[in-house]
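Subject: A structure for you to look at

Hi,

Here is the structure I promised to pass on. Have a look at it first, then read my notes below.

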Amino acid sequence: MTNVLFICSKNKLRSPTAEAVFSSVEGWEVYSAGISNDAEVHVSLEDIEWANYIFVMENNHKKKLSNKFGSALNNQTVISLDIPDDYEYMDAELVKILKEKVPSLVY
């Protein structure tokens, strides 16, 4: 099983969309969380340790993860998708971007 974690700021739009899009992929266990203090679901150390792949939506999420979890990220693959906070939940364009970017990065 490949564990894939998606992180955005508040876990309201982008990362929950990614979780929904990829939750039915065979062989993948998928979860989403937020890095901001006011996130719906906060990313935890357990989430970081669980994940084989961590996808963040923006580079600043990667920096925040590094600041918050430091050495726990040493063995983790953290990939920025460079997706700005311009989309609603399950926005067709967001879904298209996710489907184009993510699968080729998980091996």
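In this predicted model, 4 strands make up an open sheet with parallel pairing, in the order 2-1-3-4. Strand 2 (28-34) and strand 4 (77-80) are the edge strands, each with a single partner, so one side of each has no neighbour in the sheet. Strands here are DSSP runs of E with at least two residues, helices are runs of H or I with at least four, and both are numbered from the N terminus. Two strands count as paired if DSSP finds at least two bridges between them; strand 1 (residues 2-8) and strand 2 are joined by 7. One of these bridges links Thr2 to Trp28 in strand 2.

Before we go on, two notes on the model. Residues are numbered from 1 along each chain as its sequence is written, and side-chain values use heavy atoms, leaving out hydrogens and water. Because the model is predicted, local features need pLDDT of at least 70 and side-chain atom pairs count only at pLDDT 80 or more, while totals for chains, interfaces and linings use all residues.

Now to helix 4 (residues 92-101). Leu94, Val95, Ile97 and Leu98 are buried there (under 20% relative accessible area with a 1.4 Å probe, protein chains only; exposed is over 50%, and partly exposed lies in between). Why do they sit on the same side of helix 4? They cover an arc of only 165 degrees around the axis, taken from the directions from the helix axis to the C-beta atoms. The face turned away from the buried side carries the exposed residues Ala92, Lys99 and Glu100. Helix 1 (14-22) is among the parts that cover the buried residues of helix 4.

Happy exploring!

Terms used. Contact means heavy atoms within 4.5 Å.
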